[in-house]
Amino acid sequence: MALYKLEEFAANYQDADLDNYDIKNFDVYSDINNDKVGTVKYILLDDSGRFRYLVVDTGFWFFGRQVLLPIGRSRIDYNNRCVYAKGLTKEQVENLPDFNDLEQIDYNYEERVRGVYRTPLAQTPLETSTPVNAPPVSSDRQSSVAHDRNTYRYEHEPNLYDMNEQDHQNLKLYEERLVANKSRVKTGEVSVGKHVASETARVSVPVGKERVVIERTTPEGGARTVSSAEPDFREGEVTRMGIYEENPDIHKEAVLREEVKVKKVVEQDNVEAQDTLRREELDIDKSNER
């Protein structure tokens with residue numbers, strides 16, 4: 001199962017167990033002898049959003065090393081801003097693989113980490129120690145889980161990955177926020193219709209009429225004598241010519257004069273408001289600090 005850093009998993013992530021309380025940079029102590037182990041560098045989650053590991057920068061214990069601490073092996077003290085690693089010894093830290101980046105974490109890497117923490121918890125003489133609620137996993141169970149990568153689930157080892165109210169309790173801090181919402185209300189209505197308007201129009205069109213003009217002329221130079229073969233005297237010869245005139249054709253027809261498109265546009269405006277907001281701040285009393 002892939003792992004993610006808390007800040008990269010989701011910017012507004014809220015976990016039901018830690019209530020999004022930021023424990024980065026909390027000091028980490030071994031609850032065996034109260035030695036400082038280092039500081040919390042990152043919080044790792046699986047792709048279901050459950051906390052699985054704390055990345056601990058070991059600091060002075062082992063300079064320059066970062067190792068994984070299963071969340072079930074931690075006890076978080078919010079009042080003193082520290083984390084206690086339950087039963088953690090230097091020998092275990094020596095045997096843990098280095099954490100450099102998320103890409104190196106696979107099933108085999110996690111098995112190396114789990115193999116270190118599967119050893120029985122060291123006895124804790126401090127009164128602040130808290131026994132693990134879940135019973136330790138038997139050696140047979142460990143063996144079957146450790147070698148079955150296809151069926152392994154974090155839930156198989158609750159002593160490593162479970163979180164409980166006693167070890168991971170926290171103080172919830174609340175604040176007020178000014179929330180701006182919008183509601184859509186009808187402020188008016190615009191109706192667009194049409195009606196028929198009448199007007200008197202005049203139009204003129206020129207029309208033509210044909211008429212026959214008969215002209216009679218005398219040959220130039222007066223009458224002249226023609227040969228006996230030229231005359232062709234025929235009785236009843238008639239010449240016909242058609243006469244036409246134009247009649248006006250005036251009627252009405254409908255034409256598309258223009259189109260009117262009706263649409264809405266949204267004009268943006270900013271409405272500003274202010275109010276006094278309250279929030280709770282954390283008060284830390286270090287008078288009893290060890």
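**Figure 1. Salt bridge between D27 and K36.** D27 and K36 are joined by a salt bridge in which the closest N and O atoms are 3.3 Å apart. The view is taken from a predicted model. D27 is partly exposed, with a relative accessible area of 22%. K36 is partly exposed as well, its relative accessible area being 41%.

**Figure 2. Salt bridge between D98 and R65.** The side chains of these two residues, D98 and R65, meet at an N to O distance of 2.4 Å. D98 is partly exposed, with a relative accessible area of 36%. R65, at 14%, is buried, because a residue under 20% relative accessible area is counted as such.

Figure 3. The side chains of E157 and R114 form a salt bridge with an N to O distance of 3.8 Å. This pair links distant parts of the chain, 43 residues apart: E157 is in the loop between α4 (139-146) and α5 (158-161), whereas R114 belongs to helix α3. Both E157 and R114 are buried. The pair is part of a network of salt bridges that links E110, E111, R114, R118 and E157.

Figure 4. Most residues other than glycine have a negative phi. N25 is not a glycine, yet its phi is positive, at about 75°. The residue is found in the loop between α1 (6-9) and β2 (27-30). With a relative accessible area of 59%, N25 is exposed. R81 is likewise not a glycine and has a positive phi, of about 50°. Its place is in the loop between β6 (74-77) and β7 (82-85). R81 counts as partly exposed, at 35% relative accessibility.

**Figure 5. The largest cavity and its lining.** The structure holds one cavity of 30 Å³ or more. The largest cavity has a volume of about 40 Å³. Its lining is formed by V28, V37, V56, V67, L69, A85, L88, V93, L96 and Y117. By class, this lining comprises ten nonpolar residues, with no polar and no charged ones.

**Figure 6. The largest pocket and its lining.** The volume of the largest pocket is about 1,100 Å³. A total of 25 residues line this pocket, and S183, R184, V185, V266 and E267 are those that lie nearest its centre. The lining of the largest pocket divides into ten nonpolar, six polar and nine charged residues.

**Figure 7. A nonpolar surface patch formed by four valines.** V190, V192, V260 and V262 make a nonpolar surface patch of about 450 Å². One of these residues, V260, lies in the segment after α6 (165-168). V260 counts as exposed, at 64% relative accessibility.

**Figure 8. P248 and V207, apart in sequence.** P248 and V207 are separated by 41 residues in sequence, while their C-alpha atoms are 6.6 Å apart in space. P248 is placed in the segment after α6. At 52% relative accessibility, P248 counts as exposed because the cut-off for that class is over 50%.

**Figure 9. Secondary structure as a setting for the close-up views.** The secondary structure of the protein amounts to six helices and seven strands. Read from the N terminus, the order of the elements is β-α-β-β-β-β-β-β-α-α-α-α-α. The protein has 290 residues, of which 29% count as buried. N25 is in the loop between α1 and β2, and R81 is in the loop between β6 and β7. The buried residue R114 is in helix α3. V260 and P248 are both in the segment after α6.

Notes
Residues numbered from 1 in each chain as written. Predicted model: local features only at pLDDT ≥ 70, side-chain atom pairs only at ≥ 80, totals over all residues. Heavy atoms only, no water. Helix = DSSP H or I, 4+ residues; strand = E, 2+ residues; numbered from the N terminus. Buried < 20%, exposed > 50% of the residue type's maximum accessible area, 1.4 Å probe, protein only. 1 Å grid on protein atoms, 1.4 Å probe; cavity = no way out; pocket = protein on both sides within 12 Å on 5 of 7 lines; lining within 4 Å. Points joined across faces, edges and corners; volume = space filled by probe spheres on them. Nonpolar A, V, L, I, M, F, W, Y, C, P; charged D, E, K, R; others polar. Patch = residues over 30% accessible without salt bridge, like charges linked within 9 Å, V, L, I, M, F, W, Y side chains within 5 Å. Areas by Shrake-Rupley, 256 points an atom, 1.4 Å probe, with all protein chains shown as cover.
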